[in-house]
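Please examine the sequence and the structure shown here.

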Amino acid sequence: MKTSAGAHKCHPPDRASVSSHRFFDRQAGGQASGHGFIIIELIVAMGIALLILAGLIGVFFVQNKYFGQQSEVVEIQINARAGLQMMTGELLMAGYDPTRTADAGVALAAVNAIRFTRDLSGNGDVLDAHEDITYTHDAVARQLKRNDQPLSENVDALAFRYYDTDDLELTLLPLSVADLEKVRRIMITLTAVTRDGDQSRTLSSDVVPRNLGMM
Ligand SMILES: [Ca+2]
């Protein structure tokens, strides 16, 4: 039993504990030189991180500007299309005169303005709501106007072209009273631009009011 107990006391340290001691020795010895190295690594890492961050911020601003421009283009396009659709829809009914006593038709045909009437209520006049309509372009305010009220913003240009029964263009604008009677087709072109003027969209519509020339 004694031999066995003595042998236990003199048992050499196992391999794991030796390597553990060496590890702590190395750590203690390398602390002084290791500090400098770690600080340089940190500075380099922070520099790289800052560069990446600066790059990401740059990309963000470029994308932000791009999407801002694109959303503005979409916005002006929607506004212009809405104005053009309303103009086209109303113009389609120009000359509607079920009693044939209202004298409805095209009343003014200019380069960038048109006035037309229709007797929607069918009471023999064009004095009711939405029966006498004028579309104009306000070049200063850059607006499409309907009866002097703004309908579409950022409209840079509005142009009308008029064609007769033979589809020949009536070019002496504004049209004379005699030529107003001949109008059968109207081509509308509308150009909308972004606020900074960088981008524009041109839309057009070809309108054949079926009631014109029915008298
Ligand atoms: Ca009426």
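## T171 and its loop

T171 is placed in the loop between β7 and α3 (177-180); helices (H or I, at least four residues) and strands (E, at least two) are DSSP runs, numbered from the N terminus. T171 is exposed, because 9 other C-beta atoms lie within 10 Å. By definition, a residue is buried if 20 or more other C-beta atoms lie within 10 Å of its own, exposed if 12 or fewer, and partly exposed in between, with C-beta atoms placed from the backbone. In sequence, T171 and R161 are 10 residues apart, and the C-alpha to C-alpha separation in space is 7.8 Å.

The loop between β7 and α3 also contains P174. The peptide bond from L173 to P174 is cis, with omega near -5 degrees.

## Basis of the model

This is a predicted model, in which local features need pLDDT of at least 70 and side-chain atom pairs count only at pLDDT 80 or more, while totals for chains, interfaces and linings use all residues. Residues are numbered from 1 along each chain as its sequence is written.

## Overall composition

The protein chain has 3 helices and 9 strands. From the N terminus on, its elements follow the order α-α-β-β-β-β-β-β-β-α-β-β.

Of the 215 residues in the protein chain, 18% are buried. Among contacts with a separation of 6 or more, 51% are accounted for by residues 24 or more positions apart; two residues are in contact if their C-beta atoms, placed from the backbone, lie within 7 Å.

Two strands pair if DSSP finds at least two bridges between them. Strand β6 (residues 155-163) and strand β8 (residues 185-193) run antiparallel and are joined by 8 bridges. Within β8, L190 stands opposite L158, and T191 stands opposite A157.

Strands β6 and β7 run antiparallel and are joined by 2 bridges. Y162 has L170 in β7 as its bridge partner. The hairpin of β6 and β7 has 5 residues between the strands, and D167 in this hairpin takes a positive phi near 65 degrees. On β8, the pairing with β9 is antiparallel over 8 bridges, and the bridge partner of M187 is D206 in β9. The hairpin of β8 and β9 has 6 residues between the strands, and here G197 takes a positive phi near 75 degrees.

## The sheet of 5 strands

Another open sheet is formed by 5 strands in the order β1-β2-β3-β4-β5, and the pairing is antiparallel. The edge strands β1 (106-109) and β5 (149-152) each pair on one side only. From one strand to the next, the twist averages 20 degrees; axes are lines fitted to C-alpha atoms, for helices over the stretch in contact, and angles run from 0 to 180 degrees between N-to-C directions.

Strand β2 (residues 113-117) and strand β3 (residues 132-138) run antiparallel, joined by 5 bridges. F116 stands opposite I133 in β3.

## A80 in helix α2

Helix α2 (residues 15-92) contains A80. A80 is buried, because 25 other C-beta atoms lie within 10 Å. Not counting residues up to four places away in sequence, A80 touches S152, V155, L190, A192, R201 and L203. One of these, L190, stands opposite L158. A80 and Q143 are 63 residues apart along the chain, and their C-alpha atoms are separated by 9.8 Å.

## Two asparagines with positive phi

N147 lies in the loop between β4 (143-146) and β5. Its phi is near 50 degrees, a positive value in a residue other than glycine. N147 is exposed, because 12 other C-beta atoms lie within 10 Å.

N154 is placed in the loop between β5 and β6. N154 has a positive phi of about 55 degrees, although it is not a glycine. Is N154 buried or exposed? N154 counts as buried, because 22 C-beta neighbours lie inside 10 Å.
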